[in-house]
Amino acid sequence: MTPIRVLIADDQVMVRQGFTVLLNAEPGIEVIGQAVDGLDAVAQAAELAPDVVLMDVRMPRLGGIEATRQLTEPSGATVKVLVLTTFDLDEYVYEALRAGASGFLLKDASAAELAQAVRVVAAGDALLAPNITKRLIAEFSRVTSSPRTPLKDRVGDLTERETEVLALIAQGLSNGEIAERLVVAEQTVKSHVGRILVKLGLRDRTQATVFAYETGLIRPAGY
């Protein structure tokens with residue numbers, strides 16, 4: 001089985017080396033490079049073609065958010081970005097996901113949590129640290145009081161069932177949980193998810209979640 005190829009981007013050498021040791025000890029994961037800042041990350045990603053980039057937020061020359069945008073915006077880009085930070089702040093969560101990140105994890109995560117996050121993101125699923133999810137939802141609610149019209153119009157491309165599935169994705173449900181909720185086969189849900197991503201031009205479930213909140217398709221309770 002081909003291992004998940006990981007590039008680590010962080011301006012602190014101890015962090016890079018620590019993550020490298022932790023991930024290389026995990027089966028099915030291989031660290032193929034270390035970048036000292038965002039510019040280095042973009043350059044190395046072009047050369048090494050990693051599956052996942054672990055991206056620090058605050059780095060010199062080019063920060064993690066802009067580096068994420070440069071890695072994920074090009075047509076056909078397949079690399080997944082998992083943002084790592086010690087700063088548990090709303091604007092970083094929101095902007096990182098807007099930039100194209102597939103997940104967000106705090107640096108105090110355990111080795112097992114880090115490895116699992118890499119596997120989840122590599123598989124195309126969303127990954128958000130549980131302790132920041134509530135604030136993230138609140139931030140989406142705050143910034144989407146007036147959904148952007150072009151995005152809102154695109155919801156009309158979806159069927160009623162696809163719109164329902166999108167709303168459940170945005171609530172954090174897995175394919176299995178969605179299948180149980182809708183009383184359909186999990187493979188059927190998987191097909192719906194694939195069509196939703198294609199129709200909306202989205203890269204993964206994380207971006208689908210961003211889309212659902214930005215369009216006002218779903219509103220978190222209590223906000």
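1. Contact of H2 with H3. In this predicted model, Gly-38, Ala-41, Val-42 and Ala-45 of helix H2 meet Ala-67, Gln-70 and Leu-71 of helix H3; contact means heavy atoms within 4.5 Å. The residues of this contact comprise five nonpolar, two polar and no charged. Here Ala, Val, Leu, Ile, Met, Phe, Trp, Tyr, Cys and Pro count as nonpolar, Asp, Glu, Lys and Arg as charged, and the others, Gly among them, as polar.

2. Geometry of the pair. H2 spans residues 38-48 and H3 residues 64-72; their axes come within 9 Å and cross at roughly 20°. H2 is therefore roughly parallel to H3, a term for angles under 35 degrees. Axes are lines fitted to C-alpha atoms, for helices over the stretch in contact, with angles from 0 to 180 degrees between N-to-C directions. The crossing is right-handed, that is, the near helix is turned clockwise from the far one by less than a right angle.

3. Largest nonpolar core. This core has 25 residues, of which Ala-9, Val-53, Met-55, Leu-71, Val-81, Val-83 and Phe-104 touch the most other members. At least two residues each come from strand S1 (4-9), H2, strand S3 (52-56), H3, strand S4 (80-85), helix H4 (90-99) and strand S5 (103-106). H4 gives the largest share, five residues. A nonpolar core is a set of buried Ala, Val, Leu, Ile, Met, Phe, Trp, Tyr and Cys residues joined through side-chain atoms within 4.5 Å. Buried means under 20% relative accessible area (1.4 Å probe, protein chains only).

4. Neighbours within four places in sequence aside, Val-81 is in contact with Val-53, Met-55, Thr-68, Leu-71, Thr-72, Ala-101, Ser-102 and Gly-103.

5. Asn-175. This residue is found in helix H9 (residues 175-182) and counts as buried because its relative accessibility is 17%. Leaving aside neighbours within four places in sequence, Asn-175 is in contact with Glu-186, Val-189, Lys-190, Val-193 and Arg-205.

6. Whole protein. The protein has 11 helices and six strands, taken as DSSP runs (H or I, at least four residues, for helices; E, at least two, for strands) numbered from the N terminus. Of its 223 residues, 49% count as buried.

7. Basis. Residues are numbered from 1 along each chain as its sequence is written, and side-chain values use heavy atoms, without hydrogens and water. In this predicted model, local features need pLDDT of at least 70 and side-chain atom pairs count only at pLDDT 80 or more, whereas totals for chains, interfaces and linings use all residues.

Terms used:
Angles under 35 degrees count as roughly parallel, over 145 as roughly antiparallel, 65 to 115 as roughly perpendicular and the rest as oblique. Buried means under 20% relative accessible area, exposed over 50%, partly exposed in between (1.4 Å probe, protein chains only).
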